[in-house]
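Dear colleague,

Please find below the structure that I am handing over to you. My findings come after it.

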Amino acid sequence: MKGRLDHIGLGRDGMGREETMAHFLARRRWEQSLAEGAEALAHKAYGAAIRAGEDLRLPTTRDLIDYGIALQKRKPGAPAPPLKRSRTGKDVAGDLAEDVGNVVGVGRGALNSAKGLADGAVFLARLRVGDRRAEAQVKHAGGRAIDYAAGALSDPEKVVDDINEVARRARIALDPRATPQALTLPDEVQRKFGVGMNQGELIFDAASAVVGGPLAKGFKGLERVSKTIPAERYLAAGYKPETLAYLDQPYPSTGMASHFVGRRYGLPKAFTDSTYNVLRPPGASRRQMYEEHYRVDDRFHGAKLPAEFAQHWSAKRLGLERYGPNGQVWYGSPAPLKARVGGAGAAMGSLAYDPSEEDGDW
Amino acid sequence: LVKVRRDAEFLYDFPEDQIEDDHDIVQFGGKGVTEAIARMIRGLGYQVSDPQDEDFKGWALNVSDRRSEFWLRFSDLRPTGILVTSDLTFPLWLWPWPRRAYVDFLSQLDAELRRDGRFREIKWFANYGSPTEVPSIRPAGD
C-alpha cells in the first residue's frame, strides 16, 4: 500500500496498463478514504498507547497511516506488537467494544424496562381482579421491607455495609477502571463490552426515569369515560328528571373517585391515592363516574343520593353490565398508569378505543 | 364442595345519618349501620377496624383474627342495604376452595344479623346483581 501511495500518478495503473482520467480519479478517491480511515484509527490507537504508557513510535504521518492500515487489515508484521496481546490493541478494541456495549445496553435497558413494566402490568391486573397469589406477594414484600427496617434499627452498621456493597458492585459493573485489563484481546473485548452494556442500560434507565415520570403524569386527566347510558334509560327506570339533573352535575373534585387497586389491599397511600391509581376522568358527571366505577369494580353496586330525591343510584335498577376481566383492567386503570406501564401508545389507545365496537365479554 | 355467597342484601331500621349541606352530601350515610355491624363482629371475637369512609361506595371494615383477614363494605341504599365481603387472608392463596374460616365467619355474621332485630329479610348472593341468581337465606351451602 505504501508503494501505491508513493507512486500515484496519471498514466499507468498497478498492472502497467494505461489509466484513464476517470479511473485515476476513482482510485484516488478510494485511496484517500482508505488513508483517512486508517489515520483516524491510528490516531485513536496512538492516544490509547499514550494513556497506557506504551512507547508507540510513529515519527511521520506516513508511519501513522501505515500503522492504521495495518490495524484495518489486521496485517501481521505491522509496526506494533502482536494485536492479540498488545496493550494498545486491547485498548483500541476494548474502547470500541465499550462503545458498542453502550448501544446494546440501551437496547437491553429498553427491553428489561418493557419486560418489567409488562410484568408490573400483569401483576397489577392480577391484584385488580383479586388474585390471592398477587395479594400475598404484596404482603410478603411488605413484610420483608418491615423486617429489614426492624433489623436496621437494631444494627445500623449493617445498612452502611449494605450501601457500600451496592456501591462496590455498581463501580465494578460501570467503571472499566475498577477491574484490571484482561490478558488477551478477546477477554478484554468481552470485559469492556459488558461494562459498556451496563453503562448503556444505566443511561436508558436514567433517561426513562427523567422522561417517564413527568410524561406519565402528563397523562393525568386524559382518561375518558368509555360510554354513558342514555338519559332516557334513567327515566325509563323510574328516575325523576330532577334526580337525573343532579346526576348530570360534574362529579366533585373532592370526591374519592375510582381506585384501580382498591384501598382494601392496604397498599401505601402514596400509591393508592396517587394519579397512577385513581381514575378521575375530567369533566365526568356523577352518573358517568358511578357507571364507570360499576363497570370496573365488581364490589360496587349502588350509591346513595341526597335525601331530597328519595332515590339511589342503582346499577341493578338500570340493568348495567360490567366489563370482563380485561376490560376492567383496561378501563379501570388511570391514563398515567397506562402511560407508565404500556407507553404513550397504550394511553392514547385508551382515548381512541370505543368499547361499543367490542363484542362479547371483553 | 361448599358454595359461598359472600354478599348480603337486607332491610334495616336505623336512623338516617347522611350529612348534607345546602349544596351536596358532606358525609355519605351508612356509618351507623356499619358501626353496628362492627360491634356485632367484635362480639364474635374478631378484631375490627373503625368504619372507613369510602365516599359514594359506602363504609368499609377490616376484620381479622389470628388466622384470617376479611374485608366488608356496606352501602346504605335504604330501605335496602348491601353488604359485600372478601377474604383477604394471607398466605392461603394456594387453597382453591372457600376457606372454612371464611364460611364460618359468614355463617356467624348471618346468625348475628338475624339475632339483631334491626335487620330483616336477609338474603345472600354469590354474584350480587346477576339477573339470574336466586338468592339464599344462608351464606354457605347448597
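The model is predicted, so local features need pLDDT of at least 70 and side-chain atom pairs count only at pLDDT 80 or more, while totals for chains, interfaces and linings use all residues. Residues are numbered from 1 along each chain as its sequence is written, chains are lettered from A and ligands numbered from 1 in the order in which they are written, and side-chain values use heavy atoms, with hydrogens and water left out.

Chain B has two helices and nine strands, in the order β-β-β-α-β-β-β-β-β-α-β from the N terminus. Helices (H or I, at least four residues) and strands (E, at least two) are DSSP runs, numbered from the N terminus. Of its 142 residues, 54% count as buried; buried means under 20% relative accessible area, with a 1.4 Å probe and protein chains only.

In chain A, helix α11 (residues 286-296) is mostly covered, with 11 of its 11 residues buried. Among them are A:R286, A:Y290 and A:V296.

B:D7 lies in strand β1 (residues 7-12) of chain B and is buried, at a relative accessible area of 1%. Its side chain makes a polar contact with the side chain of A:R299 at 2.7 Å; such a contact is a pair of N or O atoms within 3.5 Å, and within protein one must be able to donate a hydrogen and the other to accept it, while residues adjacent in sequence count only if both atoms are side-chain atoms. The B:D7 side chain also reaches the backbone nitrogen of B:T85 at 3.3 Å.

Yours sincerely

Methods: Buried means under 20% relative accessible area, exposed over 50%, partly exposed in between (1.4 Å probe, protein chains only).
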